[in-house]
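Have a look at the view below, then read on.

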Amino acid sequence: MQFHHHGYVSTDPRVLPAAGTGIDRPDDVPDEVDVLIVGSGPAGMLLAAQLAQYPSVTTRLVERRPGRLAIGQADGIQARSVETFQAFGFAERIIAEAYRITEMNFWAPDAVDPSRIVRTARADDDPRGISEFPHLIVNQARVLDYFAEVAAQSPARIVPDYGYEFVTLQVGEGEYPVTVTLARTDGPDAGVERTVRAKYVVGCDGARSRVREAIGRKHIGGQSKHAWGVMDVLAVTDFPDIRIKCAIQSEHGSILHIPREGGHLFRMYVDLGEVPEDDNGKVRTTPLESIIAKAGDILGQYTLDVKDVAWWSVYEVGHRVTDKFDDVEVGSDALPHVFICGDACHTHSAKAGQGMNVSMQDGFNLGWKLGSVLTGRAPAALLSTYSAERQEIAQNLIDFDKEWSSLMAKKPEEFDSPEQLAQFYTSTAEFPAGFMTQYPPSMIVGEATHQALAIGYPIGKRFTSAPVVRIGDAVPAHLGHHAKADGRWRIYVFADRDATALRDFADWLATASDSPVVRFTPAGTDPDSVFDVKVIYPQDHTEVEMADIPAVFLPRVGPFGLIDYEKIYAAEAEDDVFDARGIDRDGAIVVVRPDQYVAHVLPLSARSELTDFFSSHMLAPAPA
């Protein structure tokens, strides 16, 4: 964590000074806003935390509930999400309170006595080490709390406006083209409606999204006609794997068992079987006592004495994805002004642990784009990439979840072998962990012409961190952990062997009129206010002299022009990033988007290509 660059700080450095719209922020929702977020779920709260980094943007988040969420339905936190938490500054704290999944065990009927269940396999949760971050279980409400803290402590000082329900909207013309009708849900003025005009509206209002309905978008898909009861319980049991994630299959059905944070609570997804065509929702009235009894039957010879139930529900598995994630019709040249995120645009089973995770990536994808457009860094056309990128990811999720949930619903005798479920879990680990996403070429994703220069950084996929050593203080670090969710682009420059090409490139980057850093950084701002430029040397850190490091990697920041020493790195001796990520020893440039996805790979000589790439989606600042 860096601070003191604007003067000595003796208070919590996580609380950033209020600026712009964060100074004297009005308690009531203004009549006109830049961005109106509807819904304070995972996508909405991440979006608020991201836009809180843009104090010149007026952002408000409305939520129909009277206060914070107390008990969340989602609880699985995939490693990609923890990487995202690191960017927002709270990964370490949430890891400390969460339950960590290290393996998953599989149970099936005993071949000798099918009334009993036996453990058939143990599977490592992350057998290939695809992330340095763990797979966690923690209450969704706590995730929202952390994002709310970031939003409230960031320059724009965003806090949710509770007690407002979205009614409808209309898109028209003008500076604030979206007219939104809201209604108070509590207090003396409950039921009173008012209108707010916005430049952009984002519907993060769940599976029954009114924002989605208002823009005429349709959920495509249907129910799987299979029901599950889910419950968070405190219980006494002799089941030996009660503190390990398990898939339990017996002659009475299936359970997906997930230990919860705190050491005592656990969640069970209990198979309630096929739903008849004429059920008409009757299965959803299944009483809690029946779900507990069914869980006891599935556990076979083991006992389950439930002492307390924190939350429970019954649901039918549904797989739906919305036809488009914004208000612009396919083939139209119009620019979007209304967007939907999270469950508003994709719904699926909870058993793959994807709902909250994919929703947050929706918000991360859209947040920096809105911030860039509204601060004049990018043209409004950038916003069209949101639906184009995220809809395909949602469809991939639906396809995966259909296969996973159908396997979970199978009877033991329907499997080819007792190990089939475990094999599917381990063979597909990268997808549910959040690392299979790969965005296609676009204005913000380059072609793979020079991919061979950095094969470990596939263009369009998330930037994979790696151990390095900071040269300035000889501290071991992770290359990706210094990248904050601050809307900046990252340019990682991997040096050639003797740094000759590096020095030529660095001089051009710092001084040439056609350099993206020179062209797109506003006058009077810190030299790294738009681009966070870092260098990684192939030598040991002791072999790199500070005097030989080009100035572009040692920018002077803040009102005192202090030198930032945390952009200069060297390869670690035992885990060389050049070898680990397949970096060419003649050097390479890896460009990373503000949402941590690799946007381009180029050689150190590709100056015009680098500038052309940024020119396709960035605007030069107006003259001071």
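How are α1 and α4 oriented relative to each other, roughly parallel or roughly antiparallel? Keep in mind as you look that this is a predicted model.

## Two helices side by side

Start with helix α1, residues 42-51, and helix α4, residues 140-153. Their axes come within 8 Å and cross at roughly 20°. Angles under 35 degrees count as roughly parallel, and therefore α1 and α4 are roughly parallel to each other. Their crossing is left-handed.

So who meets whom? On the α1 side you'll find P42, M45, L46, A48 and A49, and on the α4 side Q140, L144, F147, A148, V150 and A151. Sorted by type, the residues of this contact come out as 10 nonpolar, one polar and no charged.

## How covered is α1?

Helix α1 is mostly covered, with 10 of its 10 residues buried. Among them are G44, L47, Q50 and L51.

What do the buried residues of α1 pack against? Three of the partners are helices: α2 (79-88), α4 and α7 (355-374). The others are the strands β1 (32-38), β2 (59-63) and β11 (193-203).

Next up is an open sheet of three strands, in the order β3-β7-β4, with antiparallel pairing. β3 (76-77) and β4 (99-101) stand at the edges with a single partner strand each, so one side of each has no neighbour in the sheet.

Zoom in on β3 and you'll see that it pairs with strand β7 (residues 135-137) over two bridges, in the antiparallel sense. G76 has I137 in β7 as its bridge partner.

Now move along to strand β14, residues 253-259, where seven of seven residues are buried. G253, I255, H257 and P259 point one way, while S254, L256 and I258 point the other way, and all are buried.

Which strands pair with β14? One is strand β13 (residues 245-250), which runs antiparallel to β14 and is joined to it by five bridges. Here I248 stands opposite I255, and the two strands form a hairpin with two residues between them.

The other is strand β15 (residues 266-274), also antiparallel to β14 and also paired over five bridges. I258 has R267 in β15 as its bridge partner. β14 and β15 form a hairpin too, with six residues between the strands, and in this hairpin G262 takes a positive phi near 100°.

Note on methods:
Residues numbered from 1 in each chain as written. Predicted model: local features only at pLDDT ≥ 70, side-chain atom pairs only at ≥ 80, totals over all residues. Heavy atoms only, no water. Axes fitted to C-alpha atoms, helices over the stretch in contact; angles between N-to-C directions. Helix = DSSP H or I, 4+ residues; strand = E, 2+ residues; numbered from the N terminus. Parallel < 35°, antiparallel > 145°, perpendicular 65-115°, else oblique. Left-handed = near helix turned anticlockwise from the far one by under 90°. Contact = heavy atoms within 4.5 Å. Nonpolar A, V, L, I, M, F, W, Y, C, P; charged D, E, K, R; others polar. Buried < 20%, exposed > 50% of the residue type's maximum accessible area, 1.4 Å probe, protein only. Pairing = 2+ DSSP bridges.
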